[in-house]
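Biologist: Please take one part of this model, the sulfur-bearing side chains, and go through it closely and with the cut-offs stated. Then carry the account onward to other side chains, in one connected answer.

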Amino acid sequence: MPRRIPYRTCFVCGSKLPKIDLIRISKSTSKHAIVDICGKGGGRGAYVCCDNECRNKASLGTKLEKVLKMPITAEQKKTIRDYFIDNPGNI
């Protein structure tokens with residue numbers, strides 16, 4: 001029996017993709033938004049696809065704050081944006 005592939009939705013563009021093709025941004029226990037590199041961290045998370053436009057909107061807009069249900073500081077947004085710049089492709 002083939003293994004089931006989990007799908008997730010990009011919170012920016014709404015496209016459904018396999019979980020492995022998306023990047024997870026999660027709400028840590030210390031109320032910080034961080035890039036979840038392994039994709040298995042606990043807590044509330046949001047997935048974003050590898051499209052440059054989606055990555056820019058994810059790190060700049062307020063949509064991420066709504067999805068994670070928490071305010072995100074400019075420093076946290078900069079950290080997320082820097083991660084996307086340093087890792088232009090998928091993880």
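Modeller: The sulfur of Cys50 has its closest cysteine partner in Cys49, and because the two sulfur atoms are 6.8 Å apart they are too far from each other for a bond, a disulfide being a pair of cysteine sulfur atoms within 2.5 Å. This is a predicted model, in which local features need pLDDT of at least 70 and side-chain atom pairs count only at pLDDT 80 or more, while totals for chains, interfaces and linings use all residues. Residues are numbered from 1 along each chain as its sequence is written, and side-chain values use heavy atoms, with hydrogens and water left out.

Cys50 has a relative accessibility of 25% and therefore counts as partly exposed, the class between buried (under 20% relative accessible area) and exposed (over 50%), with a 1.4 Å probe and protein chains only. Cys13 is likewise partly exposed, at 45%. Under the disulfide rule the count is zero; Cys13 takes part in none, although the sulfur of Cys54, the nearest cysteine sulfur to its own, is 3.7 Å away.

Ser26 has a relative accessible area of 4% and is buried, and its place is in strand E3, residues 23–27 (strands are DSSP runs of E with at least two residues, helices runs of H or I with at least four, numbered from the N terminus). Once its neighbours within four places in sequence are set aside, Ser26 is in contact (heavy atoms within 4.5 Å) with His32, Ala33, Ile34, Asp36, Arg44, Gly45 and Leu68.

The aromatic side chains come next. A search of the whole structure finds one aromatic pair, for which the rings of Phe, Tyr and Trp (its six-membered ring) must have centres within 6.5 Å, with planes under 30 degrees apart called stacked, over 60 edge-to-face and the rest tilted. The centres of the Tyr83 and Phe84 rings are 6.1 Å apart and their planes stand at 65°, so this pair is edge-to-face. Tyr83 counts as buried at 15% relative accessibility, and Phe84 is buried as well, with a relative accessible area of 7%.

Ile85, by contrast, is exposed, with a relative accessible area of 59%. Ile85 lies in helix H3, which spans residues 74–86, and although Arg55 is 30 residues from Ile85 along the chain, the C-alpha atoms of these two residues are separated by 9.3 Å.
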